[in-house]
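Hi everyone, thanks for coming. Have a look at the picture on the screen, and I'll walk you through a few spots in it.

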Amino acid sequence: SDGEKDIHAKLTDRFNPTELAVQDVSGGCGTFYAISITSEVFKGLPTVKQHRLVNEVLKKEIEGIHGLQV
């Protein structure tokens with residue numbers, strides 16, 4: 001979906017991930033996304049800090065959705 005592509009592009013630009021999967025798990029309506037990301041940027045950081053970094057990048061997208069699973 002377009003939402004998946006937008007999120008994927010933003011995360012790729014910011015984190016240069018070695019692994020990235022973005023999936024609309026809301027049945028196609030774009031209100032809940034599951035993200036799996038691996039990046040050297042996260043190395044040594046606690047999970048909470050990693051999630052905060054992702055949330056900062058997706059701040060605009062998060063305003064318009066119901067949920068995000070990272």
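Let's start at Ser 39, which sits in the loop between strand S2 (32-38) and helix H2 (47-57); helices (H or I, at least four residues) and strands (E, at least two) are DSSP runs, numbered from the N terminus. Before I go on: this is a predicted model, where local features need pLDDT of at least 70 and side-chain atom pairs count only at pLDDT 80 or more, while totals for chains, interfaces and linings use all residues. Residues are numbered from 1 along each chain as its sequence is written, and side-chain values use heavy atoms, with hydrogens and water left out.

So, is Ser 39 buried or exposed? Ser 39 has a relative accessible area of 9%, so it's buried (under 20%, with exposed over 50% and partly exposed in between, using a 1.4 Å probe and protein chains only). What does Ser 39 touch? Leaving out residues up to four places away in sequence, Ser 39 touches Phe 15, Asn 16, Pro 17 and Thr 18, where contact means heavy atoms within 4.5 Å.

Phe 15 turns up again in the largest nonpolar core, a set of buried Ala, Val, Leu, Ile, Met, Phe, Trp, Tyr and Cys residues joined through side-chain atoms within 4.5 Å. That core has 13 residues, and the ones touching the most other members are Ile 7, Leu 11, Phe 15, Ile 35, Ile 37 and Val 54. Helix H1 (2-15), strand S1 (19-24), S2 and H2 each give two or more residues to the core. Take Ile 35: among its contacts beyond four places in sequence are Ile 7, Leu 11, Val 22 and Leu 68.
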